[in-house]
Amino acid sequence: MILTLTLFFLSAGTIYLACEYFVNGIEWFGRRLNLGATAVGSVLAAFGTALPETAVTFIAVVFGKTPEQKDIGVGAAMGGPLVLATLAYAVVGLALIYHHRRLQRETYHVRADHARMSHDQLAFLAVFVVKVALGLIAFAIKPWLGVLFLVAYAIYVWREIQESDTAPEEEEIEPLKIQPSVTEPSLKWAALQAVLSLIVIGIASHIFVGQLEAIGTALQWSPHLVALLLSPVATELPEMMNTLIWIRQGKERLALANISGAMMIQATIPSALGIFFTPWLFDGPLMAAGVITALAIIFLWQLFRRGVVDARALVAVSSLYGVFALLIAFYFPL
């Protein structure tokens, strides 16, 4: 157990350090491609950091040889959006509260394009409702409907790039970490830093997930419970680390766009894989995850549509994850 805990904390620290290099590299990569801040966060950064959790679902549903192994993939596909909609937004709130004096903020208000964030919540909710509804029924052509989720993500990416709201020149970026003396690094060096750091994030995330699963086993938790409660927290750690880094720099738009983009990926790509390769039928815990996630999204939509969002309200959404954990523990013993 000592070795497990040591690897647990070392891998978490490595993920944070690698994320420092990743967000720096991906910002310069976006600037070289003339992309705005929102597109950088919602498309480039989100796609990169979503690879570990997507890989968990892919390996489980494609190569899993037993129903239990495939269930882990479906659990990860449902647990990811739950963690992002609750804990990830809470991290934004906590980070803003902690850094608000250093950022010279007089209030805890979140600086973001509230109308755009509100629209993103509705778009995610629409896709997510279909995703959950398909988990309630069985019919012959269901596997083919996975294609629709891939199309939905392609449309989302196109929209984000077309409507990116901030010109890259308006965002101050720290010098590229692997070329600190270069004022305007090239596209290839920015890409190299982003790719190398992403590889480190992937390896460290794999180690982190393994240690978390070992802790779950030591606590005598079932694989299904680990897939719903622990693995998503581990695989969404890069997004939360990115959030901490960007909030520290006063870049809420990038942080929030990263979460929104990751949520859309989680609502589409892992779902498509699950629909392609499993029956995609939900039991009680999976339905509970779906309902709690939907409630969190409705809460966030109401917050952003008002035009003023207090960081403390974002922290409050994490309570829904606590509700889910209690439901799993007391009403759906696994």
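Leaving aside neighbours within four places in sequence, D310 is in contact (heavy atoms within 4.5 Å) with Y108 and H109. The model is predicted, so that local features need pLDDT of at least 70 and side-chain atom pairs count only at pLDDT 80 or more, while totals for chains, interfaces and linings use all residues. Residues are numbered from 1 along each chain as its sequence is written, and side-chain values use heavy atoms, with hydrogens and water left out. D310 is placed in the loop between α10 (284-305) and α11 (311-316); helices are DSSP runs of H or I with at least four residues, numbered from the N terminus. The D310 side chain also reaches the backbone nitrogen of R312 at 2.8 Å, a polar contact being a pair of N or O atoms within 3.5 Å, of which, within protein, one must be able to donate a hydrogen and the other to accept it, and residues adjacent in sequence count only if both atoms are side-chain atoms.

Two packed helices are described by the angle between their axes and the distance between the axes. Axes are lines fitted to C-alpha atoms, for helices over the stretch in contact, with angles from 0 to 180 degrees between N-to-C directions. For α10 and helix α4 (residues 114-134), the angle is about 160° and the axes are 8 Å apart. The two helices are therefore roughly antiparallel, the term for angles over 145 degrees. By class, the contact of α4 with α10 has 13 nonpolar, 5 polar and 1 charged residues. Ala, Val, Leu, Ile, Met, Phe, Trp, Tyr, Cys and Pro count as nonpolar, Asp, Glu, Lys and Arg as charged, and the others, Gly among them, as polar.

Helix α10 also packs with helix α12 (residues 319-330), at an angle of about 165° and with the axes 10 Å apart. This pair is therefore roughly antiparallel, and the crossing is right-handed. P285, A288, A289, I292, L295 and A296 of α10 meet L320, V323, F324, L327 and I328 of α12. That contact has 11 nonpolar residues, no polar and no charged.

A further pair is formed by helix α5 (residues 146-162) and helix α9 (residues 252-277), whose axes come within 7 Å and cross at roughly 160°. This makes α5 roughly antiparallel to α9, in a left-handed crossing. Among the residues that meet are F149, L150 and Y153 in α5 and M264, I265 and I275 in α9. The contact of α5 with α9 divides into 13 nonpolar, 5 polar and no charged residues.

L134 lies in α4 and is buried (under 20% relative accessible area), at 7%. The C-alpha atoms of L134 and F282 are separated by 8.9 Å, although the two residues are 148 apart along the chain.

W280 is placed in the loop between α9 and α10 and is buried, with a relative accessible area of 1%. Phi of W280 is near 55°, a positive value in a residue other than glycine. Q104, in the loop between α3 (67-99) and α4, has phi near 60°, also positive in a residue other than glycine. Q104 is exposed (over 50% relative accessible area, with partly exposed between the two cut-offs, for a 1.4 Å probe and protein chains only), at 72%.

Technical notes
Angles under 35 degrees count as roughly parallel, over 145 as roughly antiparallel, 65 to 115 as roughly perpendicular and the rest as oblique. A crossing is left-handed if the near helix is turned anticlockwise from the far one by less than a right angle, and right-handed if clockwise.
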